[in-house]
Every structure is written in structure tokens, then in C-alpha cells.
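Here are a few friendly notes on the charged side chains of this model. Please have the structure open as you read.

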Amino acid sequence: MNPRPPRASSPAELEAFDRCVEALAGFNPEITFEWVDGFLAALAAAPRLPAVEDWLPALCGDAFERAFSDPEAAAAGQAPLVARLKVLCDQLDPEALLDDPDQLRLDPLIGEVSDEDRQRLVDEGALSAEEAQMVQTGGLWAEGFFDGVAAFPALWEEPPHEDASVLFKQAFDQIAALLLPPGSDEWKAHVAEHYPKAQEGEPTRDDLLAEACMSVQDLRLFWVDFAPKTEPRRVEATPGRNDPCPCGSGKKYKKCHGAAA
């Protein structure tokens, strides 16, 4: 049986997503297309999906209410974000990942950053030459992913089991590699640790992107075995009508707090 192919966002969905992000960026320029997609990917990779009323303000702050002030506009603005999250949840569906663990299903929204792009940022005075070297393909997406993790720390608690903790950290290291400028000391240390037998030079950017996406998939599968335990809800038993009322009045329940029951 062939694994079910992952969903992809349609051109219309991507266009609506782009318009939504552009509107949000008008009130917070740090909100970008790639960053939002990385944030949503972290939600989809978590052991439990937070409710929209929890993740939307964590994602946008007050930018959403300012960009989409009336209820009708808010519903229209929220829809592209929810649609993209559903696609990411499908791409990270644990059953599909288990059917073929080696298949790359996650398809992030990442644009290539060229040397010309970095030089333009320097020429425009937006960044120094040193800062421009930090701008790498996939970097904004990785920042969004880690911000999505940081927004819900209770969902992303490191497991106490030592072997599980090692796997957990390795996955995060591969995603964090997208933030490392090539040639930096951190980059060299990462290559030495994760690509010790590389015979044809350093990994390409495509290699790093693929490893990061596979690591996000690994994290989603990780929670199948190591999801944080939820506290069971305690429900007090209702006393019988002739039992003493639990309020301590000394009356029977039926003549006290149970009178209206």
C-alpha cells in the first residue's frame, strides 16, 4: 500500500495567506511570510494543537486585531492562517509519517536568499555586512519555528529520559543549523558533529533544508511516544439526596444545595 501523498496549499490559499501576512506586517514588520509558516509548523509538530484563540495572539500580538478590526474582517483574516495550519498538520500526520518515515512530506514556504539579496540589504543601509551574513535561506522560517516552540513551553518540555532527550536535542540542532552563517565557528562545529563522514565538502543549503524538515517530522513522531502527560480532570461525585450537604450546613443535600437539582 502506497503512503498517502501530503496535501499542498493551493495557489489561491497561498495568495490569501500572503495577503493576510502583508496586512499583519503593516502593524508589525517582523511578521513575514516565512516566519509565520515556521511558527505554524511548530504548532503542527507539537504533541497537541493549541486552540486558535491561544495561538493567534501568540503569533500576531495585537497586530491581528488592528489589521482586522471588525468580526467579518477577523473571520476572513483568520481563515488563510487556519487553512495553512491544516495543510501543515496533514503533512505532519503521524500515521502517514509512520507509513514511510524516510519520505520528506513537509513542504515549508521558504524563499531563496542570494548573495545579491544580502548585498542589496547592505547597499540600502538596512543591515551591516556582518548582519547580512546572518540572513540565510530558511533562517526566517527557523526563527518562526523556534518562536512557535517558545510560545508554548508546556507542550515542548524536554523529556526526562536520557536517550529521548538526546534525540530531542539532535532534531532541534538540525533546525537551528538554518540560522548559522556558513563558515562561522558554530557552522564548522555543526558540520563536524552531524556530517563527520562527508566526502564531498560541506553540506549544501538544500541538504540543510531537507535535514531540518526531516527533523521537524521526527519531532512530530517523537511525541507519539513521549507526549507530555495531561493532568486528569477530577470530578467530585454528587452526593445522594439524603446525604449530608457537603457545604457543612448539617442539612440533608436535598434540603440545602440540592434543593434546586
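How many salt bridges does the structure hold? There are eight, a salt bridge being a side-chain nitrogen of Lys or Arg within 4 Å of a carboxyl oxygen of Asp or Glu. This is a predicted model, where local features need pLDDT of at least 70, side-chain atom pairs count only at pLDDT 80 or more, and totals for chains, interfaces and linings use all residues. Residues are numbered from 1 along each chain as its sequence is written, and side-chain values use heavy atoms, with hydrogens and water left out.

1. Glutamate 13 pairs with arginine 7 in a salt bridge, with 3.5 Å between the closest N and O atoms. Glutamate 13 is partly exposed at 26% relative accessibility (buried is under 20%, exposed over 50%, partly exposed in between; 1.4 Å probe, protein chains only). Arginine 7 is partly exposed too, at 37%.

2. In helix α1 (residues 11-25), arginine 19 and glutamate 15 sit four residues apart, about one turn (helices are DSSP runs of H or I, at least four residues, numbered from the N terminus). Their side chains form a salt bridge at 3.4 Å, N to O.

3. Aspartate 117 and arginine 120 form a salt bridge, their closest N and O atoms 3.1 Å apart. Both belong to helix α7 (residues 115-123), three residues apart, so about one helical turn separates them. Aspartate 117 is partly exposed at 22%, as is arginine 120 at 41%. A network of salt bridges links Asp117, Arg120 and Glu124.

Note on methods:
Helix = DSSP H or I, 4+ residues; strand = E, 2+ residues; numbered from the N terminus.
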